[in-house]
Amino acid sequence: MELKEELNLIGKIYREEEKEVWSIVPYKKIRDVIEDVFLSRINRISSISGYDNGKEIEVIYHFVKDNSLINIKVLVPKKLNKIETITDLFPGAFLLERELSEMLGIKIIGHPKPGKLFLPENWKGKPPLRKG
Amino acid sequence: MHKLMVPFGPAHPALPEPVYLKLFLDGEEIEDVDFSVGYNHKGIEKALEETDYFKNVFLSGRICGICSSAHSTCYTLGVEKLLNIEIPDKAKFIRVIVSELERLHSHLLWLGLLGHEMGFDTLFMLAFREREYVLESLELITGKRVVHDINMIGGVRRDLSHEIMVKLVKNLEILEGKVEYLRKLVRKDSLIRRRTLRIGKLDKRDVEELCLVGPVARASGVLYDIRRADKYLAYDDLNFKIVTQKKGDASARTLVRVREMLESLRLARLAIAFIEPGPIKVKPFLIFPEKEVISRVEAPRGELIYYIRSNGTDKPARVKIRTPTYANLISLKKILVGHTLADVPVAVASLDPCLSCTDRVTIVKNGKEKIIKWEDLHDHEHH
């Protein structure tokens with residue numbers, strides 16, 4: 001099946017442009033989506049962005065497939081505040097996940113080496129990129 | 001078994017920029033590597049959220065002193081996508097010329113530093129001498145030698161006059177001969193060959209698995225360049241060729257960069273020939289829609305990617321930057337394990353790490369670990 005069709009089955013493609021696909025995937029399914037749908041068809045992970053929209057933390061994975069970018073968004077409820085790691089699937093996500101974790105205060109479950117990346121080890125303040 | 005841990009950096013004579021490596025040695029051989037970054041915090045991602053879109057062009061240009069216009073080009077491309085504007089052709093070509101000259105100066109600087117790391121300071125002197133032609137050309141176009149600030153939202157800030165173009169073509173012709181000489185030197189010099197062959201080997205599978213980018217990936221035979229993938233600016237018209245090597249060691253990475261310099265020279269000369277009289281900027285329509293955009297450029301070190309999120313105000317809600325060195329740092333372990341301590345400087349240098357790009361997130365702190373707020377920083381500037 002085409003990648004886009006599968007993405008539409010699990011989640012929803014909300015924007016499509018030349019060389020760009022933007023989709024949203026339910027919080028509970030993200031790890032399965034990346035493992036089953038993406039692992040074999042994607043060249044690499046390019047970046048992970050995080051954004052605090054007030055209610056939830058939006059985590060956006062940017063994957064590279066040939067010449068286009070596939071962006072997968074997950075909304076992480078602030079009450080739960082955690083997400084499963086994908087570093088075991090894409091080792092390139094190692095630093096990206098650590099940065100996401102410290103800047104937005106999300107716990108990454110199963111990360112091989114959690115901890116501070118850019119912030120000092122004894123950082124006590126709130127995560128710097130959380131709003132409000 | 002007894003192991004020795006040797007701290008390497010963050011300030012070390014063999015490292016031009018701060019990264020802290022923990023090397024676990026068995027005798028002379030490296031068994032494991034751990035690293036930490038964050039010694040150059042500037043807090044720019046947070047600062048970008050608190051400054052308006054127009055000032056951010058200059059702020060993003062100050063993320064890195066080497067690939068300054070790669071950052072501001074990527075940022076302006078993102079904002080232009082957000083505003084849905086198409087810049088004039090002449091502006092595209094001027095941006096290409098500045099980007100390619102910047103790649104030249106970055107690679108020449110890197111070649112000089114590589115020579116310095118391996119104790120071949122004549123190469124350092126040679127590379128820096130030739131780099132002067134590039135800086136002179138950049139000064140002609142932009143008025144500045146290092147942080148160029150040529151980009152603005154909707155085009156470029158300075159036009160390219162006929163006299164400047166004539167001088168530029170002359171400089172590029174001289175440079176072509178010089179770079180060709182450096183290419184022969186890198187291929188044939190026995191000292192460079194002995195210090196770089198089989199050092200820091202990464203095969204194609206490692207590159208794909210670790211998600212590496214730029215010349216490091218291309219030196220292992222990965223045919224990927226954003227200039228080809230995205231065809232941004234005018235790269236499609238210029239018939240750009242991707243440079244690759246197969247071996248994946250420090251020697252291949254050196255050759256890729258030197259050959260890329262020749263390609264950059266060709267692109268810059270072609271772009272000058274393509275320039276036609278016309279406007280250099282369009283006036284943007286100043287309403288920022290609520291949207292998220294992503295933009296990518298090929299910086300001298302590889303894929304640079306910006307995620308810009310707008311919430312409808314004159315300031316971006318979030319700017320996330322993933323720099324090429326940040327993506328390539330992960331390969332340090334693969335590159336160093338199995339080599340001796342003496343090979344560390346050359347192996348690390350072959351990645352071309354640029355840490356002021358990598359350490360660009362969050363908040364600034366002073367020696368006493370007091371957090372300086374953005375507003376305080378602003379006041380500080382006026383005193």
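Q: How many cavities of 30 Å³ or more does the structure hold?
A: This predicted model holds 4 cavities of that size.

Q: And what volume does the largest cavity have?
A: Its volume is about 90 Å³.

Q: Which residues line the largest cavity?
A: Both chains contribute: A:Ile45, A:Ser46, A:Gly92, A:Phe94, A:Leu95 and A:Leu96 come from chain A, while B:Leu210, B:Cys211, B:Arg322, B:Tyr326, B:Ala327 and B:Ile330 come from chain B.

Q: Which element gives the most to that lining?
A: Helix 3 of chain A does, with 3 residues.

Q: How do the lining residues of the largest cavity divide by class?
A: There are 9 nonpolar, 2 polar and 1 charged.

Q: What area is buried between chain A and chain B?
A: The buried area is about 3,500 Å², and carbon and sulfur atoms give 57% of it. On the chain A side, A:Arg44, A:Phe118 and A:Leu129 lose the most area to chain B, together 19% of what that side buries.

Q: What does A:Arg44 form a salt bridge with?
A: Its partner is B:Glu303, with the closest N and O atoms 3.1 Å apart. The count between the two chains is 7 salt bridges.

Q: How many residue pairs are in polar contact there?
A: The count between chain A and chain B is 18 residue pairs, with both residues at pLDDT 80 or more.

Methods: Residues are numbered from 1 along each chain as its sequence is written. Chains are lettered from A and ligands numbered from 1 in the order in which they are written. This is a predicted model: local features need pLDDT of at least 70, side-chain atom pairs count only at pLDDT 80 or more; totals for chains, interfaces and linings use all residues. Side-chain values use heavy atoms; hydrogens and water are left out. Buried area is the accessible area (1.4 Å probe) that two parts lose on being put together, summed over both. A salt bridge is a side-chain nitrogen of Lys or Arg within 4 Å of a carboxyl oxygen of Asp or Glu. A polar contact is a pair of N or O atoms within 3.5 Å; within protein, one must be able to donate a hydrogen and the other to accept it, and residues adjacent in sequence count only if both atoms are side-chain atoms. On a 1 Å grid over the protein atoms alone, a cavity is a set of points where a 1.4 Å probe fits but cannot get out, and a pocket is an open set with protein on both sides within 12 Å along at least five of seven lines; lining residues have an atom within 4 Å of a point. Grid points are joined across faces, edges and corners, and a volume is the space filled by probe spheres set on the points. Helices (H or I, at least four residues) and strands (E, at least two) are DSSP runs, numbered from the N terminus. Ala, Val, Leu, Ile, Met, Phe, Trp, Tyr, Cys and Pro count as nonpolar, Asp, Glu, Lys and Arg as charged, and the others, Gly among them, as polar.
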